[in-house]
Amino acid sequence: MLKINDTIAIEDWELTEQFVRASGPGGQNVNKVSSAVELRFEADRSPNLPNPVKARLKRLAGRRWTKEGAIVIQCDETRSQVRNRELARARLADLIRVALERPKRRIPTKPTKGSQRRRIEAKKQRGEIKARRGRVTDD
């Protein structure tokens, strides 16, 4: 079981791990050992996550979200299968924690009268400076 916070925990049946061969450095060992992990979380079918959290999770996951409603996280950072597994689970937990936070509602504001007046004055001054540019005539 993967514990996210005090109220939410992901059951083992919702997680699927597949170990594949990692690319990159590792010498002869890299061709023999499947150290990279591919963690799959069935987020859409999860009874532990409320629907608003699932919607935010889908937006946060981006291209890691599959058509079937699962999140696929790949990790091949280390040469250790156990460490890669821990890192992938930690990434999933962090992603879900971010999705749990309800976004702050934006309150639209208007510019103050003083700021509008200062803006117009600055525009007028800039326009006068530009208007004074040009050819100099002998008067």
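Helices here are DSSP runs of H or I with at least four residues, numbered from the N terminus. With that in hand, welcome to a short tour of this predicted model. Two parts are worth a look: helix α1, which spans residues 51-61, and an open sheet of three strands.

**Helix α1**
- V53, K54, R56, L57 and A61 are the buried residues of α1.
- These residues share one side of α1, because they cover an arc of only 165° around the axis.
- Turn to the other side of α1 and you will find N51 and R59, both exposed.
- The packing partners of the buried α1 residues are β4 (36-41), β5 (71-75) and α2 (81-100).

- β3 and β5 are the edge strands, as each pairs on one side only.
- From one strand to the next, the twist averages 20°.

**Strand pairs and bridge partners**
- β3 (residues 15-20) and β4 run antiparallel and are joined by six bridges.
- Along this pair, T16 stands opposite R40 of β4, and Q18 stands opposite E38 of β4.
- β4 and β5 also run antiparallel, joined by five bridges.
- R40 is a handy landmark here: T16 stands opposite R40, and in β5 the bridge partner of R40 is V72.

**Where helix and sheet meet**
- β4 and β5 are paired with each other, and both are packed against by the buried residues of α1.

Methods
Residues numbered from 1 in each chain as written. Predicted model: local features only at pLDDT ≥ 70, side-chain atom pairs only at ≥ 80, totals over all residues. Heavy atoms only, no water. Buried < 20%, exposed > 50% of the residue type's maximum accessible area, 1.4 Å probe, protein only. Arc of directions from axis to C-beta. Contact = heavy atoms within 4.5 Å. Pairing = 2+ DSSP bridges. Axes fitted to C-alpha atoms, helices over the stretch in contact; angles between N-to-C directions.
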